[in-house]
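Please open the model in your viewer and keep the sequence panel beside it. The tour below goes from one selection to the next and says what is found at each stop.

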Amino acid sequence: MNPDDPLLKILACPLDKGPLVLLAPEATLPADPSPEPVPLPEQALYNPRLHRRYPIVDGIPQLLPSSGEQVSEDEHERLLKLISS
């Protein structure tokens, strides 16, 4: 999946029905406090309102509520920095 994929405009979080943000593995998270950025482990969709990440496996978004993973507050802050840059 790429950032220009029209599918991203219609995909929604299964819990709050809001939009999701694509997290690409090529991107890196700002590392706190270490000086090295941390690469994202895999492509995923992220709901910043609920702090939930949904994996994309073989190009297919896994959007079942049970597929979502709650992220920690620290990781959420790093993801917000990545999204806003």
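Select Arg53 and Glu69, which form a salt bridge with the closest N and O atoms 2.6 Å apart; a salt bridge here is a side-chain nitrogen of Lys or Arg within 4 Å of a carboxyl oxygen of Asp or Glu. Arg53 lies in strand E5 and Glu69 in strand E7, so the pair ties together parts that are 16 residues apart in sequence. Helices (H or I, at least four residues) and strands (E, at least two) are DSSP runs, numbered from the N terminus. This is a predicted model, in which local features need pLDDT of at least 70 and side-chain atom pairs count only at pLDDT 80 or more, while totals for chains, interfaces and linings use all residues. Residues are numbered from 1 along each chain as its sequence is written, and side-chain values use heavy atoms, with hydrogens and water left out.

Are Glu75 and Arg53 buried or exposed? Both are buried, a word that stands for under 20% relative accessible area, with exposed meaning over 50% and partly exposed in between (1.4 Å probe, protein chains only). For Arg53 the relative accessibility is 13%, whereas Glu69 is partly exposed, with a relative accessible area of 41%.

**Around Glu69**

Centre the view on Glu69, whose strand, E7, covers residues 69–70. The C-alpha atoms of Glu69 and Arg53 are separated by 5.1 Å. With neighbours within four places in sequence left aside, Glu69 is in contact with His51, Arg52 and Arg53, where contact means heavy atoms within 4.5 Å.

**The remaining salt bridge**

The structure holds three salt bridges, and one of them is found by selecting Arg49 and Asp16, whose side chains meet at 2.9 Å, N to O. This pair links distant parts of the chain, with Arg49 in the loop between E4 and E5 and Asp16 in the segment before E1, 33 residues apart. Arg49 counts as partly exposed at 42% relative accessibility, and Asp16 counts as partly exposed at 30%.

**The nonpolar cores**

Next, select Leu8, Leu11, Cys13, Leu20, Leu22, Leu45, Tyr54 and Ile56, the eight residues that make up the largest nonpolar core. Such a core is a set of buried Ala, Val, Leu, Ile, Met, Phe, Trp, Tyr and Cys residues joined through side-chain atoms within 4.5 Å. A second, separate core of five residues includes Leu23, Tyr46, Leu79 and Leu82.

Which residues does Leu45 contact, leaving aside its neighbours within four places in sequence? Among them are Met1, Leu8, Leu11, Leu20, Val21, Leu22, Tyr54, Ile56, Pro61 and Leu63, and the list also includes Arg52 and Arg53.

From here move to Gln43, in the loop between strand E3 (38–39) and strand E4 (44–47). Gln43 is buried, with a relative accessible area of 16%, and, neighbours within four places in sequence aside, is in contact with Met1, Leu22, Leu23, Ala24, Pro25, Pro55 and Ile56.

Most residues other than glycine have a negative phi. Select Lys17, where phi is near 65°, a positive value; this residue is in the segment before strand E1 (21–23) and counts as exposed at 61% relative accessibility. Then select Asp58, where phi is near 50°, again in a residue other than glycine. Asp58 sits in the loop between strand E5 (52–57) and strand E6 (60–61), and at 76% relative accessibility counts as exposed.

**Zooming out**

Finally, show the whole protein, which has one helix and seven strands and follows the pattern β-β-β-β-β-β-β-α along the sequence. Of its 85 residues, 36% count as buried. Among contacts between residues at least 6 apart in sequence, 44% join residues at least 24 apart. The protein exposes about 5200 Å², of which carbon and sulfur atoms supply 57%; accessible areas come from the Shrake-Rupley method with a 1.4 Å probe, and for residues only the protein chains shown count as cover.
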